[in-house]
Amino acid sequence: MKALTQFFQNVTVQVDKNRLAWQNRGTQFVVSLLRTVFLIGMSFVMVYPVLFILSEAFKGVEDVYDSSVVWLPKHYSLRAFEVALQMLDFKNSIVRTLQIVVPSTLLQLVSSLLAGYGFARFKFRGKTVLFAILIFTIIVPIQTYMIPLYVGFTNLNFLGIGPIMTLITGQKLNVLNSPVPFYLMAMFGAGIRSGLYIFMLRQFFIGMPKELDEAASIDGCGPLQVFTKVMIPNAIPMMVTILVFSLVWYWNDYYMSSMFFNNNPPLSQKLTELSTLLDFSGQVTTITKQELVFLKEGILACGCLVTILPPLILYIFAQRFFTEGLERSGIVG
């Protein structure tokens, strides 16, 4: 009797184990299925615009009114590229963009490194208040202070040089329609997203052991030497991350560019105005009105393609440092 009871107990336990195993497998399958569907959906959302741009950019006029052409053109053409480059004034626009992006990014990197290192390693009066103001700058949008910013650069009086320049030239010191506003803001930690970069570098330097500072100090290094010889070499992945972020944001910036430039604007501003420019077909000298009607979407796609291509290439080469820098900054996710 006991043996029969024990047999039924073993059978019941085994059935329960099998049921739990099947439940776990079913749960894992459902979770995996939902994860796969989510990843495919997100990938489609992100990749679809790029695929659409590539498809439209290389279509010829014949492909536009051919209903059988969906993604792959039958008549590949660079006609849309020619018109897009002409309308964007690509040569002058790319030069203007590089004049803004490269110096501003380097100046912003230097100012962010110094500020982040100072917040992480030094104790000084008002540190908490200044850091709270730094966090506040990350939150506050530029629209809240755009008017005083514009007025300040219209009549620049930096360190009292405004009246001196007025006496010499007879005019107010106006730095609009030049990259100078971007340089000054980047130099003093007020550039595009500077608050975020300073915060990231502060988190990075806090995570570095203080024993490195002490060992360098024992060897006779001062604070500046510790910064340049110990901290900077270890911060290269984070510096590359900041450079990539800064380059992309300066490259894609439209709001500040439209505020500071009335003529000869950078590429991002020209791209935003491309659709309006195409409506005035008299400005296009290399294409007929009929072709312009058919190729308008392709021209816009080409404009987007030549604009996003440089940052995309940069990210491909800097991806390893970019990922490592984000992981070591402590703000992943």
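**Rings, charges and a cavity**

I start with W249: R193 lies over the face of its ring, at 4.8 Å from the ring centre. Please keep in mind that this is a predicted model.

Staying with W249, what is its relative accessible area? The value is 28%, so W249 falls between the 20% and 50% limits and counts as partly exposed. The model has 16 aromatic pairs in total. One of them joins Y197 and W249, with 6.1 Å between the centres and 40° between the planes, which makes the pair tilted. Y197 belongs to helix 9, residues 194-207, and W249 to helix 12, so this pair ties together parts that are 52 residues apart in sequence. The Y197 side of the pair is buried, at 0% relative accessible area.

W249 has another ring partner, F245. Is that pair stacked or tilted? The planes are 20° apart, under the 30 degree limit, so the pair is stacked. Its centres are 5.4 Å apart. Here both residues sit in helix 12, four residues apart, or about one turn of the helix. F245 is partly exposed, with 22% relative accessibility.

To put W249 together: R193 is over its face, Y197 is its tilted partner, and F245 is its stacked partner.

Elsewhere, Y117, F122, F204, F205 and F227 make up one aromatic cluster. There is also a charge over a ring at F131, where the charged end of R202 is placed 4.1 Å from the ring centre.

Next, the salt bridges. Side chains of opposite charge can pair when their charged atoms come close. How many salt bridges are there? The count is three.

Take D213 and R121, whose side chains meet at 3.0 Å, N to O. This pair links distant parts of the chain, with D213 in helix 10, residues 211-218, and R121 in helix 4, residues 90-121, 92 residues apart. Are the two residues buried or exposed? Both D213 and R121 are buried.

The salt bridge of E82 and R79 has its closest N and O atoms 3.4 Å apart. These two are three residues apart in helix 3, residues 79-88, so about one helical turn separates them. E82 has a relative accessible area of 46% and is partly exposed. R79 is also partly exposed, at 26%.

That leaves E56 and K59, with closest N and O atoms 3.2 Å apart. E56 and K59 are both buried.

The structure has one cavity of 30 Å³ or more. Which residues line it? The lining consists of T97, I100, V101, F182, Y250, W251, D253, S257, P266 and S268. Helix 4 and helix 12, the latter being residues 236-252, are the elements that give two or more residues to this lining. Helix 4 gives the most, with three residues. By residue type, the lining divides into six nonpolar, three polar and one charged.

Helix 4 carries R121, the partner of D213, and gives the most residues to the lining of the cavity.

That is what I have. Questions are welcome.

Methods
Residues numbered from 1 in each chain as written. Predicted model: local features only at pLDDT ≥ 70, side-chain atom pairs only at ≥ 80, totals over all residues. Heavy atoms only, no water. Salt bridge = Lys/Arg side-chain N within 4 Å of Asp/Glu carboxyl O. Buried < 20%, exposed > 50% of the residue type's maximum accessible area, 1.4 Å probe, protein only. 1 Å grid on protein atoms, 1.4 Å probe; cavity = no way out; pocket = protein on both sides within 12 Å on 5 of 7 lines; lining within 4 Å. Points joined across faces, edges and corners; volume = space filled by probe spheres on them. Nonpolar A, V, L, I, M, F, W, Y, C, P; charged D, E, K, R; others polar. Phe/Tyr/Trp six-rings, centres within 6.5 Å; stacked < 30°, edge-to-face > 60°. Lys NZ or Arg CZ within 6 Å of the ring centre and 35° of its normal.
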